[in-house]
Amino acid sequence: MSLDVTTPAAPTIYELTRDDQYESDVHKRADLQTYLDGEENAWHEGFSAWAAETALSVDAYHIALDLGCIAAFDFYWDPELDEVAYEAPEIPDDWENRSRYADIDSWSTVSAINEEMDALGETVAGVLTEYYVDWESERDIVETFGDQYNGRDDAMPEHIREDSRYE
């Protein structure tokens, strides 16, 4: 099944309130925001891929959109996993007791929205990781290939420059 809707605006992930959580990677969050809604438009790419496969009904999608679920997504770089991770919004278990969720009529709708918001986050994070992000550290390259030098490299250590094999 697919969802035939217009791609909503990308969530704003580069915010001061969120940046305090990820202080060491603020520049990466800014880059992710650029990838999401800049010229690259990874959000549109990921959303379109998700919409083509989702089982979410149009009505349930509009409920999620009206509740701000799309805007509540967060994407960030996870250095331990070496990939973009995400936090998907969820409708809380006590939704029946909150007037904000009056448009929801059943637990199956809540489950469908929560499940599909997670799938959307996973899809967009995957698109960002595979096609846009290239933050491999120089340390990782050196560990894999060793120090690499060009014959004209001024950074080449003196003891190697003086070695007759490199002349």
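This is a predicted model: local features need pLDDT of at least 70, side-chain atom pairs count only at pLDDT 80 or more; totals for chains, interfaces and linings use all residues.
Rings of Phe, Tyr and Trp (its six-membered ring) pair if their centres lie within 6.5 Å. Residues are numbered from 1 along each chain as its sequence is written, and side-chain values use heavy atoms, leaving out hydrogens and water.

**Exercise 1.** Find which residues form one aromatic cluster.

*Solution.* Begin with the pairs: the structure holds eight aromatic ones. Then trace the cluster, which is formed by W43, F47, W50, Y61, F73 and F75.

**Exercise 2.** Work out how strand β1 (residues 74–78) is placed: buried or exposed?

*Solution.* Strands are DSSP runs of E with at least two residues, and helices are runs of H or I with at least four, numbered from the N terminus. Buried means under 20% relative accessible area (1.4 Å probe, protein chains only). Five of the five β1 residues are buried, so the strand is largely enclosed by the rest of the structure. Next, look at directions: D74, Y76 and D78 point one way, F75 and W77 the other.

**Exercise 3.** Describe how helix α3 (residues 42–53) meets helix α5 (residues 107–132).

*Solution.* First, the axes, lines fitted to C-alpha atoms over the stretch in contact, come within 9 Å and cross at roughly 130°. Finally, check contacts (heavy atoms within 4.5 Å): the α3 residues involved include W43, F47 and W50.

Note on methods: Buried means under 20% relative accessible area, exposed over 50%, partly exposed in between (1.4 Å probe, protein chains only). Rings of Phe, Tyr and Trp (its six-membered ring) pair if their centres lie within 6.5 Å; planes under 30 degrees apart count as stacked, over 60 as edge-to-face and the rest as tilted. Axes are lines fitted to C-alpha atoms, for helices over the stretch in contact, and angles run from 0 to 180 degrees between N-to-C directions.
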